Each structure stands twice: as C-alpha cells, then as structure tokens.
Amino acid sequence: MKKIIIDGKTVIPFTTHEGSGLASCANDVKKAFPKANVTGEFRIYGHEVRTGKAKVERWLKGLK
C-alpha cells in the first residue's frame with residue numbers, strides 16, 4: 001500500500017447520507033492526517049443529490 005502524505009494540505013470532507021450527517025467522517029480524516037487542515041465539511045442527504053445542485057454550489061462558493 002502506498003503511503004499518502006498530505007501534511008499542510010487542505011482536506012475538505014464531503015459525503016451523502018440518509019440521516020447520519022458526517023458521522024465521524026471529519027474526525028476520522030483529522031485523526032488519519034493530523035498535519036492536514038481539515039475544513040469546510042459538507043453533507044447532503046442521498047435523496048437530495050439529484051435536486052441539490054444549488055445547495056452544493058452555495059457550499060462550493062463558501063469555500064473560497
């Protein structure tokens with residue numbers, strides 16, 4: 001397995017879900033990559049994916 005080094009990089013976790021939100025996703029990423037900047041998390045219900053384009057676009061604009 002190849003080791004991934006992302007020290008000092010920004011990681012933006014995002015996920016679809018059906019009620020659990022991000023669950024432990026962001027915390028798991030922070031734990032796995034403690035020297036990365038984990039920020040800007042996003043979650044969307046799986047059933048909103050097809051109609052949630054505006055929600056995703058607002059999130060993306062907010063990352064700037």
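Trainee: Let's pick a spot: is tryptophan 59 buried or exposed?

Mentor: Tryptophan 59 counts as buried, because its relative accessibility is 17%. The cut-offs are under 20% relative accessible area for buried, over 50% for exposed, and partly exposed in between, using a 1.4 Å probe and protein chains only. Keep in mind that this is a predicted model, where local features need pLDDT of at least 70 and side-chain atom pairs need pLDDT 80 or more, while totals for chains, interfaces and linings use all residues. Residues are numbered from 1 along each chain as its sequence is written, and side-chain values use heavy atoms, with hydrogens and water left out.

Trainee: Got it. How many helices and strands does the chain have?

Mentor: There are 2 helices and 4 strands, and along the sequence they run β-β-α-β-β-α. Both kinds are DSSP runs numbered from the N terminus: helices are H or I with at least four residues, strands are E with at least two.

Trainee: Back to the rings. How many aromatic pairs turn up in the whole structure?

Mentor: The search finds 2 aromatic pairs. One of them is phenylalanine 14 with tryptophan 59, a tilted pair with 6.1 Å centre to centre and 50° between the planes. For a pair, the ring centres of Phe, Tyr or Trp (its six-membered ring) must lie within 6.5 Å; planes under 30 degrees apart are stacked, over 60 edge-to-face, and the rest tilted.

Trainee: Which parts does that one tie together?

Mentor: Phenylalanine 14 sits in strand E2 (residues 14–17) and tryptophan 59 in helix H2 (residues 53–62), so the pair links parts 45 residues apart in sequence.

Trainee: And phenylalanine 14, buried or exposed?

Mentor: Phenylalanine 14 counts as exposed, because its relative accessibility is 59%.

Trainee: Why is the pair of phenylalanine 42 and tryptophan 59 called stacked?

Mentor: Because the ring centres of phenylalanine 42 and tryptophan 59 are 4.5 Å apart and their planes are at 25°. Phenylalanine 42 belongs to strand E4 (residues 42–45) and tryptophan 59 to helix H2, so this pair ties together parts 17 residues apart in sequence. Phenylalanine 42 and tryptophan 59 are both buried. Put together, Phe14, Phe42 and Trp59 make one aromatic cluster.

Trainee: New topic: which residues are in the largest nonpolar core?

Mentor: That core has 5 residues: Ile6, Val11, Val29, Ala36 and Val38. Such a core is a set of buried Ala, Val, Leu, Ile, Met, Phe, Trp, Tyr and Cys residues joined through side-chain atoms within 4.5 Å.

Trainee: Where does valine 29 sit, then?

Mentor: Valine 29 is in helix H1 (residues 25–32). It is buried because its relative accessible area is 18%. Setting aside residues up to four places away in sequence, valine 29 touches Val11 and Val38; a contact is heavy atoms within 4.5 Å.

Trainee: What does valine 11 contact?

Mentor: Beyond its neighbours within four places in sequence, valine 11 is in contact with Ile6, Val29, Ala36, Asn37, Val38 and Thr39.

Trainee: How about proline 13, where is that?

Mentor: Proline 13 is in the loop between E1 and E2. With 5% relative accessibility, proline 13 counts as buried. Among the residues it touches are Cys25, Ala26, Gly40 and Phe42, not counting residues up to four places away in sequence. The C-alpha atoms of proline 13 and glycine 40 are separated by 7.2 Å, though the two are 27 residues apart along the chain.

Trainee: And histidine 17, which strand is that in?

Mentor: Histidine 17 lies in strand E2 and counts as buried, because its relative accessibility is 10%. Leaving aside neighbours within four places in sequence, histidine 17 contacts Arg43, Ile44, Tyr45 and Gly46.

Trainee: Zooming out, how much of the chain do buried residues make up?

Mentor: They make up 23% of the 64 residues. Among contacts between residues at least 6 apart in sequence, 61% join residues at least 24 apart.

Trainee: Last one: what does the C-alpha trace span?

Mentor: Along its principal axes, about 35 × 25 × 20 Å.
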